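Hello,

Here is the structure I promised to pass on to you. Have a look at it first, and then read on for what turned up.

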Amino acid sequence: MKYNLFGSTGLLVSELCFGTMTFGGEGYWKAIGELKQDDATALIKGSVDAGINFIDTANIYSYGESERLLGNAIKSLGLKRHDLVVATKLRGRMGEGQNNAGLSRYHIFQSIDESLLRLQMDHVDILYVHGVDPLTPIEQTMRALNDIVNTGKVRYIAVCNWPAWMVMKAQGIAALNGWHKFEGLQYFYSVAGRDAEREVLPMALEERLAVMPWSPLAGGFMSGKYSREIQKSGGRRDNFDFPIIDKEKAYDIIDALQEISKSHNASVAEIALAWVRHQPAVTSTIIGAKNIQQLNDNIHSTEIKLAEEELKKLNDISALRKEYPGWMVERMSGDRQLHQK
C-alpha cells in the first residue's frame with residue numbers, strides 16, 4: 001500500500017480509502033448493502049491489515065447506522081485512533097424537522113455532535129459537505145465550517161459534488177476572511193464517467209486539492225458482471241441504476257478492460273480501479289465491499305501497473321466529447337505552449 005499527501009496538508013493517506021456505504025442497510029440504503037456488525041468489523045480489520053489508514057463514512061448512510069457500526073468496529077478491534085484518518089459528511093436530511101438538513105450553521109453544529117456520538121470519537125479528521133444547499137449562502141457555510149474546525153471536533157474540511165465555480169467561490173471567501181479552506185474533493189470518477197475532468201480535476205491540480213473518487217466502478221457497472229450480452233447480473237445496478245453513465249459507451253470500455261485484464265491475470269474490476277489510481281489528480285480511491293473477497297480483489301488492484309499503451313487504449317475509448325469552452329481554450333492556447341529543449 002502506498003500513501004499520498006492529502007492536498008497541501010502534510011497528512012498522508014493510503015491510496016485506497018475504505019468506504020462504509022454498505023454498512024447498515026436502513027431504508028433507501030438497503031439497495032447498496034445490508035452489512036451488520038460482524039461483517040462490518042471484519043471488513044474494517046481486513047482493510048487496516050492491508051495498510052489502509054483512510055476510512056470514509058457519512059451521517060446519511062443508513063441514517064447514522066453506518067457511523068455506529070464503524071465506531072463499534074474501531075473500538076472492538078482496539079485500533080489506535082491516531083493511526084486512522086476518519087472522514088464523515090453532513091448535509092443530507094437526517095429527520096423530519098425543517099432544519100434537519102442543509103449546510104446552515106444550525107445543522108452543521110448539530111450534525112457533527114451527533115456523528116461524534118455515533119462514532120464514539122472526540123473528533124473526525126475530515127468533514128465533507130455532502131452536496132449543495134441552495135438555501136444557505138456559501139459565506140455562512142464557510143464561516144460555520146471554520147468555527148467547527150476551531151472547536152477541535154474537525155481537523156480538515158472538504159467538499160463533495162459541488163460545481164467547480166462554487167468550490168472556488170468558497171475558497172475565495174475563506175481566503176479573504178482568513179478562514180479554513182477546503183483541502184479535498186470527493187466526486188464521481190470512473191473510466192466510465194470522466195465528467196470531473198472538465199472542470200473539477202484541473203481545478204484540483206491547480207489548487208493542490210486532494211481528490212477522492214467515489215464509485216470508481218460506476219455503481220458496479222464496471223465490476224465485470226455486465227456486458228452487452230449480460231445486462232442483468234443480480235448486482236445492485238439491477239435495482240439501483242446509479243450513477244448515471246452512457247451504457248453503450250461503457251460496454252465498449254468493458255470490452256477493452258476484459259482484453260487488458262487477461263494480460264494481468266486480473267479481473268475487469270481490478271483493471272478499472274487501476275485506471276483510476278493511475279490518473280494524476282487522484283489521491284485516494286474510495287472502495288466499497290460486501291465481503292472479504294471483494295475487499296481483497298479491490299486491494300489487489302494496487303499491485304497492477306498499466307502499460308502506456310494500455311492506458312492510451314482505455315483513455316481513447318473512454319474519452320469525453322469536447323465541449324465549449326474547452327475546445328476553444330485548446331484552440332486558442334496553441335501559440336503559448338512552452339517548448340523546452
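Phe54, for example, has Val85 in E5 as its bridge partner. Strands count as paired when DSSP finds at least two bridges between them. The names come from DSSP runs, numbered from the N terminus: helices are H or I runs of at least four residues, and strands are E runs of at least two.

Before going further, please keep in mind that this is a predicted model, in which local features need pLDDT of at least 70 and side-chain atom pairs count only at pLDDT 80 or more, while totals for chains, interfaces and linings use all residues. Residues are numbered from 1 along each chain as its sequence is written, and side-chain values use heavy atoms, with hydrogens and water left out.

**The sheet**

E4 and E5 belong to an open sheet of eight strands with parallel pairing, in the order E9-E8-E7-E6-E5-E4-E3-E10. Strand E9 (210-214) and strand E10 (285-287) are at the edges with a single partner strand each, so one side of each has no neighbour in the sheet. From one strand to the next, the twist averages 30° (axes are lines fitted to C-alpha atoms, for helices over the stretch in contact, and angles run from 0 to 180 degrees between N-to-C directions).

**Salt bridges**

Side chains of opposite charge can pair when their charged atoms come close. A salt bridge here is a side-chain nitrogen of Lys or Arg within 4 Å of a carboxyl oxygen of Asp or Glu, and the count comes to 21 salt bridges.

Asp113 is partly exposed at 34% relative accessibility, and Lys153 is partly exposed at 26%. (Buried means under 20% relative accessible area, exposed means over 50%, and partly exposed is in between, with a 1.4 Å probe and protein chains only.)

Another salt bridge brings together the side chains of Lys313 and Glu259, at 2.8 Å from N to O. Lys313 lies in helix H10 (residues 308-318) and Glu259 in helix H7 (residues 247-264), so this pair ties together parts that are 54 residues apart in sequence. Lys313 is partly exposed at 33%, and Glu259 is partly exposed at 49%. There is also a network, in which salt bridges that share partners join Arg228, Glu248, Asp252 and Asp255.

**Aromatic rings**

Rings of Phe, Tyr and Trp (its six-membered ring) pair if their centres lie within 6.5 Å; planes under 30 degrees apart are stacked, over 60 edge-to-face, and the rest tilted. The count comes to 13 aromatic pairs. Why is the pair of Tyr28 and Phe240 edge-to-face? The ring centres are 5.6 Å apart and the planes are at 80°, so the pair falls in that class. Tyr28 sits in the loop between E3 and H1 and Phe240 in the loop between E9 and H7, 212 residues apart. Phe240 is buried at 14% relative accessibility, whereas Tyr28 is partly exposed at 49%. Both belong to one aromatic cluster, together with Trp29, Tyr61, Phe188, Trp214 and Phe242.

Enjoy exploring!
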